[in-house]
Amino acid sequence: MISINNFSYYWLDTWVFANVIQLATQDFCIRFLNHSNDPCGRQFDQMTQAARSVPANIAEGSSRRSTSKETEMKLTDVARASLAELANDYLNWILLHERVPWSNRSAEYNTVNQISLDRPDYKGDVQHLSSIHILNQRRKFDAWLKGNDSLVAANCILVLCNRLIMMLGQQMKRQLESFKAEGGFTEGLTAERLAFRTQQSVAADAPACPRCGKPMIKRVAKKGIHSGREFWSCSAYPQCNGTLDVK
C-alpha cells in the first residue's frame, strides 16, 4: 500500500491538473504533428517533455517537503517554468495558423476556464483510484480536446496551462509561508549546525563581531584571491556580514 505521507501530491489539484495537460499534450502531438510540420520530431519531443516535466517536478517537490522546503519551492518553480514553455508552444501553433488565442472575454475561454476539478476520494487504493480520477477530469475537456480542429484543442490547452501557472504561483506562496514558519529537515540541520558552531566559538573565546557584537565563527574562503584562507565570520550571517582576519 502507498504511504500517504510519501505520496501526498496525489491529492494536489495542481498535480491532477498537470496530468490532464500532459495527457492532452501527448494526444495533441500524436494527432496533429507529422512529417510535414515536424519533420525531425523535435517539436513532438520538446512539447511532450515539457508536459512531462510539470507533474514530475510537482511530485518530486512534494516528496521532498519533509526534507527541504526550499527544494520543494525550487522544484515547483521548475514545474511552472516548464508549463510556461509549453504554453508558448501552443501560442506559437495558433499564431502559425494566422489566428489569435481566445480572448478572456470570449464564451469559449470562460467556459473552459470555469470548469472545476472534482475533489479526490481515493480511500486507500491510491494509484488505481487516482488514475480513474485523472481520466475523469480530463474527460471534462473532451469537447475541445477530442475534435479534429487543432486550433480548438490548442486554445483549450493554452487556457489550462495559464490557469495552472496561476495555481502553481499560489502554491509557491503557501510553500514560502510554510518555509518561513517551519523550515524543513535540511534547514533544521543547518540551524542546529550553526548553533553548535557558535557555541564552540564562544567556548574557544572567538572574537566578537565588530559590527553587531555577536560571536564569530571560523570559516574557510572557498573562492576568490583568498581561497583556502581562514577568516572569522559573524555567526549572524547573512543578516550581518562582519568579518575579521585570523591572526
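Predicted model: local features only at pLDDT ≥ 70, side-chain atom pairs only at ≥ 80, totals over all residues.
Is arginine 31 buried, partly exposed or exposed? Arginine 31 is partly exposed, at a relative accessible area of 31%.

First, the overall layout. The protein chain has 8 helices and 3 strands. Along the sequence, the pattern reads α-α-α-α-α-α-α-α-β-β-β. There are 247 residues in the chain, and 40% of them count as buried. Among contacts between residues at least 6 apart in sequence, 64% join residues at least 24 apart. The chain exposes about 14600 Å², with carbon and sulfur atoms supplying 52% of that area.

Now the salt bridges. Side chains of opposite charge can pair when their charged atoms come close. The count here comes to 8. I will go through some of them.

Back to arginine 31. Its salt bridge partner is aspartate 27, with the closest N and O atoms 3.0 Å apart. Both sit in helix α1, and because they are 4 residues apart, about one helical turn separates them. Aspartate 27 is partly exposed as well, with 21% relative accessibility; the cut-off for buried is under 20%.

Helix α3, residues 69-96, holds another such pair, arginine 80 and aspartate 77, 3 residues apart, or about one turn. Their side chains meet in a salt bridge at 3.0 Å, N to O. Arginine 80 has a relative accessible area of 28% and is partly exposed. Aspartate 77, at 34%, is also partly exposed. As for shared partners, salt bridges join Asp27, Arg31 and Lys146 into one network.

One more pair spans a longer stretch of sequence. Aspartate 13 and arginine 119 form a salt bridge, again listed at 3.0 Å from N to O. Aspartate 13 is in helix α1 and arginine 119 is in the loop between α4 and α5, so the pair ties together parts 106 residues apart in sequence. Aspartate 13 is partly exposed at 26%, whereas arginine 119 is exposed at 58%.

Last, the cavity. Helix α1 gives the largest share, 5 residues, and α7, residues 150-182, supplies at least two.

That is the tour.

Definitions and conventions
Residues numbered from 1 in each chain as written. Heavy atoms only, no water. Buried < 20%, exposed > 50% of the residue type's maximum accessible area, 1.4 Å probe, protein only. Contact = heavy atoms within 4.5 Å. Areas by Shrake-Rupley, 256 points an atom, 1.4 Å probe, with all protein chains shown as cover. Salt bridge = Lys/Arg side-chain N within 4 Å of Asp/Glu carboxyl O.
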